Amino acid sequence: MTQIAITANRAREGSVVYLARAGIWSKNFSDALVIEGKDAADQLLAGALRDAASDAVIGPYSFPIKVNNDGITVLSQRENIRIHGPSVQIPSASAPARDKQHVSI
Amino acid sequence: MPLLKNQRFIDDFWFQVETLDHIPAHTPLLVSLDQWQQHREVLLRHAVPLGLRLANDQPPELVTEDLAHFTLIALDFPKFTDGRSYSYARILREHHGFEGEIRATGNILRDQLPLLQRCGFDALVVPDRAESEGWVAAFSEISVVFQPTTPIPSPPPEAVTPSEINYNNIGFPS
Amino acid sequence: MYQYNNADHQLVAERVEQFSSQVQRRLNNELSEDEFKPLRLMNGLYLQLHAYMLRVAIPYGTLSSDQLRKLAVIAKRYDRGYGHFTTRQNIQFNWLELEDVPNVLAELTGVEMHAIQTSGNCIRNVTADPLAGVAADEIEDARVFAEIVRQWSTLHPEFSFLPRKFKIAVSAAENDRALLRSHDIALRLHHNDAGEAGFEVMAGGGQGRTPVLATTLREFLPQAGLLSYLEAVLRVYNQLGRRDNLYKARIKILVMEMGDPAFAAKVEEEWARIKDGALFLPEADIARIKADFAPPIYEGLDDTDPALVADLAKNQGFARWVRSNIDIHKQPGYGIATISLKSPNGIPGDVTAEQMEIIASIADQFSFGEIRVTQKQNLVLPNVRKCDLYAVWLKLDKMDLATANAGLLTDIVACPGLDFCNLANARSIPLAQRLSSRFRDLEEQHDIGKITLNISGCINACAQHHTANIGILGVDKKGTEHYQITLGGRADGGDAIGTIVGPAFPAEEVDGAVDIIISVYLNLRQDGETFIATVDRLGLEPFKEELYALA
């Protein structure tokens with residue numbers, strides 16, 4: 001059975017988030033809910049789209065993942081970049097001057 | 001549905017014709033292009049103000065010869081992102097000198113109101129009055145414009161308003 | 001440069017307030033994302049892979065030093081300390097949060113900048129010859145007309161919900177530095193036989209999925225008809241452009257489907273009705289805008305500067321920089337200096353806040369406070385005295401801004417690609433960096449000569465690879481990044497769309513493929529011809545043979 005996760009961007013600041021369980025989103029990929037099979041994924045995605053309708057998140061979609069002993073991994077470069085950020089060093093990799101509160105959902 | 005006309009909410013007295021079997025007497029009639037083309041003579045015999053509603057793939061050039069028969073043109077926006085009718089309104093006002101009401105129907109965002117007005121729309125059907133209370137304010141949010149604004153003419157000449165109907169309630173600008 | 005008058009200030013201020021209230025309504029869930037999206041797009045705010053991206057308009061690529069300093073402040077205060085200059089002369093900030101955007105926009109209004117219409121299905125930033133006003137080969141300053149078009153197109157009520165985006169470019173020079181024929185509409189100011197200056201109007205160009213070069217819509221449009229004619233074009237497009245299919249909604253598709261003569265006739269028919277109306281452009285109005293673009297007070301200098309000659313002799317690094325990065329200025333004794341944003345380890349088009357501040361102060365000291373943004377993602381100091389070039393170079397060099405590769409192989413144009421962009425299929429920046437490093441030797445680059453190499457991360461072709469001598473398109477082949485190469489594109493006055501050489505290369509092979517292409521050129525060129533001349537003369541066969549070992 002294919003294993004699937006669901007991701008979106010949080011509306012407030014655009015961060016990448018992963019569906020951790022129904023209605024709960026996390027910025028950490030390691031929290032992502034592992035969904036077994038397309039049918040279950042479609043159901044949860046429908047729920048996620050309702051979250052999108054209430055506009056906490058934008059543009060949810062599902063993507064395949066792989067589960068192994070160490071945890072879960074992604075299969076595409078795009079999802080890899082969404083987890084880790086750009087693969088290139090940005091000119092001055094500093095956080096902005098404004099107070100950055102780490103908010104976990 | 002509520003009608004926002006000249007920046008005020010008024011009642012809409014136009015009757016949108018679905019079939020020609022059920023037409024109330026002495027009531028302004030809003031017809032589609034098809035209905036007009038098929039039943040033109042019948043409609044004219046009713047001797048009431050006539051309005052024409054165009055779909056947004058029905059440009060004004062389809063009806064330019066008949067514009068004199070209408071005191072209302074309703075232009076539709078099936079999606080607010082489809083901006084064809086902005087051009088249709090300007091063409092009606094500026095090329096054809098249409099002086100009746102041009103109203104926008106369909107899916108419209110509050111923030112589009114000033115744009116509609118500047119293209120010659122003077123009325124707008126709003127889906128829900130309660131949600132639209134704040135809409136009137138939208139007209140004054142942008143006061144500076146870089147392009148000439150299409151003027152909205154004053155009420156149509158008396159010739160097209162039969163005397164037995166009280167048109168004060170329809171809300172032509174006073 | 002153009003100075004905002006009260007009307008401009010007020011319009012932008014009102015727009016910022018309007019958008020701020022829209023953001024608030026969005027954050028309070030009074031506006032759904034579906035409703036907010038077109039509004040935020042009209043204010044240049046995209047949601048990208050990791051965060052919101054704001055595209056700030058830099059009309060026709062002209063910046064004052066104050067504006068550049070403000071961009072540095074925004075980069076530091078709200079973003080991650082840098083900005084990215086784009087192929088349409090705008091700047092992008094990649095890491096903004098939604099609730100900061102109204103503040104960013106408010107800060108920008110203080111220096112007469114905004115993000116209006118930098119995205120969405122409306123008329124976008126009007127781009128122009130980046131060297132307008134100073135280039136030796138121009139007949140007039142193209143920015144005068146770009147500014148007139150900008151005003152007309154700003155919050156135009158009829159054309160705010162077009163079938164698709166609409167891009168206009170303006171040039172008034174013999175050499176096209178504005179990629180005119182890749183635009184929906186392009187205006188080329190030139191003299192007719194009677195010696196009058198008017199516009200060739202070109203229509204229906206574009207890159208993307210269906211690259212096509214714009215064709216001539218009208219050979220000569222008198223200046224007085226500039227706005228009424230554009231209005232006619234847009235009115236035809238707004239009514240007839242396709243709305244059923246996102247990928248067939250640009251004006252280029254309409255022009256192709258109607259055919260040039262039918263399209264032109266429709267435009268002329270509309271134009272005939274409106275040309276003498278409110279949009280007739282009197283000479284006095286043009287003169288008024290021209291006054292805003294009056295050249296600075298230049299010194300009367302000899303064109304040959306002995307100090308420069310001496311500096312060239314004593315510093316080889318400086319000499320190389322002058323050789324590639326200085327363009328001929330129309331004013332004797334002055335030069336146009338390109339600040340290459342293509343250092344070997346950098347990201348094409350990216351500038352840190354610190355670099356922006358230094359460039360602003362150099363501009364104040366040496367370039368009448370003005371900077372330009374080019375379609376090649378570089379910056380320009382348009383007005384440097386030749387005797388000051390050495391001092392400028394020293395300052396730029398300290399900040400890694402003096403890479404001497406303008407117009408050469410490592411002056412690569414690359415879109416942000418999969419590292420940043422939601423639409424991308426493959427990464428473009430790592431490839432640009434690898435190639436930049438591989439070919440960093442300047443003597444070799446000068447030997448190779450003038451060449452363009454552009455890398456797009458998806459079929460939308462934001463890096464304009466179709467009109468590059470070597471165009472590279474990143475594609476996703478079965479989940480891995482592959483790169484398809486085209487050769488023979490050009491946008492240097494001769495216009496051509498490149499041809500695909502063959503199957504795409506996996507990421508680990510594409511660098512070698514570029515190497516092979518350069519080698520083939522070096523082996524087969526004649527009489528000092530440029531790369532593109534060799535490709536034009538020989539076609540693709542010799543390259544294909546080596547690339548795919550077909551021999």
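Predicted model: local features only at pLDDT ≥ 70, side-chain atom pairs only at ≥ 80, totals over all residues.
**Notebook: chain C and its two partners**

I started with one side-chain pair: A:Arg12 and C:Glu99 meet in a salt bridge, with N to O at 3.0 Å.

Next I checked how many salt bridges link chain C and chain A, and the count is one. I also looked up polar contacts for this pair of chains and found nine residue pairs, both residues at pLDDT 80 or more. Then I asked which elements of chain C give two or more residues to the side that touches chain A. My list reads helix H1 (6–27), helix H3 (65–78), strand E5 (91–96), strand E13 (350–352) and helix H14 (429–438). Sorted by class, that side of chain C has 16 nonpolar, eight polar and 13 charged residues.

On to the extent of the contact. I noted 37 residues of chain C in contact with 28 residues of chain A. About 2,700 Å² is buried between chain C and chain A, and 54% of that is on carbon and sulfur atoms. Which residues of chain C lose the most area to chain A? They are C:Leu49, C:His50 and C:Arg80, together 19% of what the chain C side buries.

While I was there, I took a look at chain A itself. I found two helices and six strands in chain A, and along the sequence they run β-β-β-β-α-β-β-α. Chain A has 105 residues, and 43% of them are buried. Among the contacts in chain A with a separation of 6 or more, 57% come from residues 24 or more positions apart. Chain A exposes about 5,700 Å², with 51% of it supplied by carbon and sulfur atoms.

Then I turned to chain B. Here the contact takes 36 residues from chain C and 28 residues from chain B. Chain C and chain B bury about 2,800 Å² between them, and carbon and sulfur atoms give 58% of it. C:Pro157, C:Phe161 and C:Gln239 supply 24% of the area that chain C buries against chain B, more than any other three residues.

I counted charges here too: chain C and chain B share four salt bridges. One of the pairs I looked at is B:Arg90 with C:Glu158, a salt bridge whose closest N and O atoms are 2.7 Å apart. Polar contacts between chain C and chain B come to ten residue pairs, both residues at pLDDT 80 or more. Which element of chain C gives the most to the side that touches chain B? My answer is H1(C), with nine residues. By class, I get 13 nonpolar, ten polar and 13 charged residues on that side of chain C.

Methods: Residues numbered from 1 in each chain as written. Chains lettered and ligands numbered in written order. Heavy atoms only, no water. Contact = heavy atoms within 4.5 Å. Buried area = accessible area lost by both parts, 1.4 Å probe. Polar contact = N/O pair within 3.5 Å; in protein donor to acceptor, adjacent residues only side chain to side chain. Helix = DSSP H or I, 4+ residues; strand = E, 2+ residues; numbered from the N terminus. Nonpolar A, V, L, I, M, F, W, Y, C, P; charged D, E, K, R; others polar. Buried < 20%, exposed > 50% of the residue type's maximum accessible area, 1.4 Å probe, protein only. Areas by Shrake-Rupley, 256 points an atom, 1.4 Å probe, with all protein chains shown as cover.
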